[in-house]
Amino acid sequence: IVLRESVETPRDEEWDAFLALLTKHKNEFSKMKILVVTDGGGPDAQQPKRLEKTLDGQSIRVAVVTDSAKSRFIAAIISLINRDHRGFAMKDMVEAYDHLRLTQDERQFAEMALRELTPMIH
């Protein structure tokens, strides 16, 4: 899953749609890889609690890539409920891909998806 966020906090409807997607694929958490690139947006104080309920003790490999201190702090907090959740600076995209254990094809797909998604948020 590739997500591209702006500086805004996800609306509850957006967050709930994301949680519904996770719930639908709950049996695949161990294989799931999520790349989030954000300009500073991230979940509000209540949204991680709903994520924790959705994860139900399981872990998903997530890399949050941002130069925003606020978003990196949020990523650190979420890592308390999802042990495979890590934050990275934009300059560390390769390390984020490594954390996600992306193949070369998956890296190319992620880069293509990010190019397509980025103009939508500005």
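The following legends describe close-up views of a predicted model. Local features require pLDDT of at least 70 and side-chain atom pairs pLDDT 80 or more, whereas totals for chains, interfaces and linings use all residues. Residues are numbered from 1 along each chain as its sequence is written, and side-chain values use heavy atoms, without hydrogens and water.

**View A. The largest nonpolar core contains 16 residues.** A nonpolar core is a set of buried Ala, Val, Leu, Ile, Met, Phe, Trp, Tyr and Cys residues joined through side-chain atoms within 4.5 Å; buried means under 20% relative accessible area with a 1.4 Å probe, protein chains only. Leu-22, Ile-34, Leu-51 and Ile-60 touch the most other members. At least two residues come from each of helix 1 (12-24), strand 2 (33-38), helix 2 (47-55), strand 3 (61-65) and helix 3 (69-78), these elements being DSSP runs (helices H or I, at least four residues; strands E, at least two) numbered from the N terminus. Helix 1 gives the most, with four residues.

**View B. Trp-15 and Phe-18 form a tilted aromatic pair.** Because Trp-15 and Phe-18 are three residues apart in helix 1, about one helical turn separates them. Both Trp-15 and Phe-18 are buried.

**View C. Ser-68 lies in the loop between strand 3 and helix 3.** Ser-68 counts as buried because its relative accessibility is 14%. Its side chain reaches the backbone nitrogen of Lys-70 at 3.3 Å.

Definitions and conventions. Buried means under 20% relative accessible area, exposed over 50%, partly exposed in between (1.4 Å probe, protein chains only). Rings of Phe, Tyr and Trp (its six-membered ring) pair if their centres lie within 6.5 Å; planes under 30 degrees apart count as stacked, over 60 as edge-to-face and the rest as tilted. A polar contact is a pair of N or O atoms within 3.5 Å; within protein, one must be able to donate a hydrogen and the other to accept it, and residues adjacent in sequence count only if both atoms are side-chain atoms.
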